[in-house]
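Open the model in your viewer and keep the sequence panel beside it. We will go from stop to stop, selecting as we go.

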Amino acid sequence: MLKSILICILGATIATKAPEVVVDSRQNASDRFFPGDFLFGASTAAYQIEGAWNLDGKGPNIWDEFTHSHPEKIVDHENADVTTNSYEFYLDDVEAVKNLSMNFYRISIAWSRILPTGDIANINEKGIEYYNKLIDAIINHKLEPMVTMYHYDLPQDLQKLGGLTNSIVISYFEAYANLLYDRFGDRVKYWITFNEPGDFCTAGYGADQHAPAVNAHGVGEYLCGHNVLKAHAVAYRLYRSSYYEQYKGQVGITLSSRFFYSDSNDTHTVDRAMQFSLGWFANPIFSPAGNYPAIMITSIASNSIREGRSWSRLPSFTDKWIETIRGSADFLGLNYYTSRYVEVNPEPKGTNPSYERDINLKFVIKPEWKPSASNWLYSVPKGIGDILRWIKEEYNNPEVFITENGWSDHGELDDDDRIAYLHDHLEQILDVVLSDESNLKGYTVWSIIDNFEWTQGYTEKFGLYSVNMSSPRRERTAKKSANFMATVASTHRIPEIN
Ligand code: NOJ
């Protein structure tokens, strides 16, 4: 405070002599506040925390099927049949978010809990009841619910039809979205259609790392992406035409991306990497012209021709679809965890199609980047600021929510590395906010509790709270980082750390 008063006085006395001296509020720690309307929240996803995989009428989804039939694909051979049992203990999670003085809780709805076969013909009222209780609890704790409709967990019966590679899924998703708006729209003002389509399309349809393990390299991921973009847009348009008037909520999509750097300042290579990762889904929705990024269209078409085809593996949109998808989001949800340096590969060899072959880049990790418990996650705080600036430039300053950011370890309660990661990322974000370099509305930590980390099972922990997995009561215990985030959310300032 004293320092800022001094700066004001000094600023006033020297003003006439040196008008070019501007006091930059970013240099003064006591002035570094997040704006009053900036929102803080924490996130979870249904499959990772709910358990109750076959209770009260829930139908199986592709992750139930994958973990049951291929336990060897999960590091600790585990599944999320029970996991942290938030189906029973959801109140603990809501209270945990509330204890951190946050503004919102980002959850997801398990499609097959309310539509066991994915189809609107068979509504499971018990499932609806569960989400009514959860949403009401969030609101009663004076938190805002932010609800993701699809977080990796397609109803298994829809996979029998080809899942996200069959365009019929657009109609199924529309009916599902309609049901969600109809039953929960009076209380939910932030909707996210899909979480990380680039990831679940490549890992689940292009490869066999994630459910449903289709492994159709270079074809499956683009078909999946194409249908997801259409399903997203249809769900957005439905809200605007039938629900917005009454409920005044917002509908967005969550995309994940790293930021990319080049040692040789090769902006073409950086742009190529950004367009193939964030641009794949963001360009059709947020760019002024819509459609896939030009670099994806031309690269995939020319690879396809080289492979002997007369068609591109990247499907094309009609003009009508370009229009429907363009502008179909009120905000961009961004999941940012880490970054990479990129170098161009020589011309792709062979004819085996794949996303890797299409992007044709080498990704480099710098030795000075701190590693986490996840083999892909290194701390690169600068990347979160740079990606926010890139989004502002590329997409004409859309509203953005950081819908995930977080750090994995092995479950320490004194989680100083997580605090350092959150601290350093929040500092970058605050720089961007204070200098108006992004239309950023809020920040979400992944995750409020340790949970089932997909193929890593329970071996990597991202929570601000640990969960006692050997007790049937699954007690939650705050880690040191919970304290840190409570200070940030309640004071809107970033406490200093050693
Ligand atoms: C992104 C996903 O949305 C979430 O489900 C996952 O647990 C985190 N990243 C950490 O890997």
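**Stop 1: a helix pair.** In this predicted model, select helix H9 (residues 197-206) and helix H10 (residues 220-242). How do their axes cross? They come within 8 Å and cross at roughly 140°. Over 145 degrees would count as roughly antiparallel, so H9 and H10 are oblique to each other. The crossing is right-handed.

Now show the side chains at the contact. From H9, pick Pro 197, Phe 200, Cys 201, Thr 202, Tyr 205 and Gly 206. Their partners in H10 are Gly 220, Glu 221, Cys 224, Gly 225 and Val 228. By class, this contact has six nonpolar, four polar and one charged residues.

Stay on H9. Eight of its 10 residues are buried, so the helix is largely enclosed by the rest of the structure. Colour the buried ones: Pro 197, Gly 198, Phe 200, Cys 201, Ala 203, Gly 204, Tyr 205 and Gly 206. What covers them?

Stop 2: Select Pro 212, in the loop between H9 and H10. The peptide bond from Ala 211 to Pro 212 is cis, with omega near 5°. Step on to Ala 213, in the loop between H9 and H10. Its phi is positive, near 55°. Ala 213 is partly exposed, at 25% relative accessibility. Most residues other than glycine have a negative phi, and most peptide bonds are trans.

**Stop 3: helix H8.** Select residues 169-184. These 16 residues reach 22 Å from first C-alpha to last, close to the 22 Å expected. Buried here are Val 169, Ile 170, Phe 173, Tyr 176, Ala 177, Leu 179, Leu 180, Tyr 181 and Phe 184. As you look down the helix, remember that an α-helix has 3.6 residues a turn, so residues three or four places apart point the same way.

**Stop 4: helix H18.** Jump to residues 480-491. At 1.5 Å a residue, these 12 residues should span 16 Å; the end C-alpha atoms are 17 Å apart, which agrees. Which residues of H18 are buried? Colour Ser 481, Ala 482, Phe 484, Met 485, Ala 486, Val 488 and Ala 489. Their cover includes strand E1 (39-43), helix H4 (86-99) and helix H17 (416-434). Strands E13 (439-446), E14 (465-467) and E15 (476-478) contribute too. Just past the helix, His 492 takes a positive phi of about 65°.

Now centre on Leu 100, in the loop between H4 and strand E2 (104-108). Buried or exposed? At 2% relative accessibility, Leu 100 counts as buried. Among its contacts are Ala 482, Met 485, Ala 486 and Ala 489, which are also buried residues of H18. Leu 100 touches Ile 448, Leu 464 and Tyr 465 as well.

**Stop 5: around E13.** Asp 436 lies in the loop between H17 and E13. Its phi is positive, about 60°. Asp 436 is exposed, with a relative accessible area of 57%. At the other end, find Ser 447 in the loop between E13 and E14. A cis peptide bond joins Trp 446 to Ser 447, with omega about 5°.

Finish at Asn 397, between helix H16 (382-395) and strand E12 (399-404). Asn 397 is partly exposed, at 30%. It touches Ile 391, Lys 392, Ser 438 and Asn 439. Asn 397 and Ser 438 are 41 residues apart in sequence, but 6.5 Å apart in space, C-alpha to C-alpha.

Methods
Residues are numbered from 1 along each chain as its sequence is written. This is a predicted model: local features need pLDDT of at least 70, side-chain atom pairs count only at pLDDT 80 or more; totals for chains, interfaces and linings use all residues. Side-chain values use heavy atoms; hydrogens and water are left out. Helices (H or I, at least four residues) and strands (E, at least two) are DSSP runs, numbered from the N terminus. The expected span of a helix is 1.5 Å times one less than its number of residues. Buried means under 20% relative accessible area, exposed over 50%, partly exposed in between (1.4 Å probe, protein chains only). Contact means heavy atoms within 4.5 Å. Axes are lines fitted to C-alpha atoms, for helices over the stretch in contact, and angles run from 0 to 180 degrees between N-to-C directions. Angles under 35 degrees count as roughly parallel, over 145 as roughly antiparallel, 65 to 115 as roughly perpendicular and the rest as oblique. A crossing is left-handed if the near helix is turned anticlockwise from the far one by less than a right angle, and right-handed if clockwise. Ala, Val, Leu, Ile, Met, Phe, Trp, Tyr, Cys and Pro count as nonpolar, Asp, Glu, Lys and Arg as charged, and the others, Gly among them, as polar.
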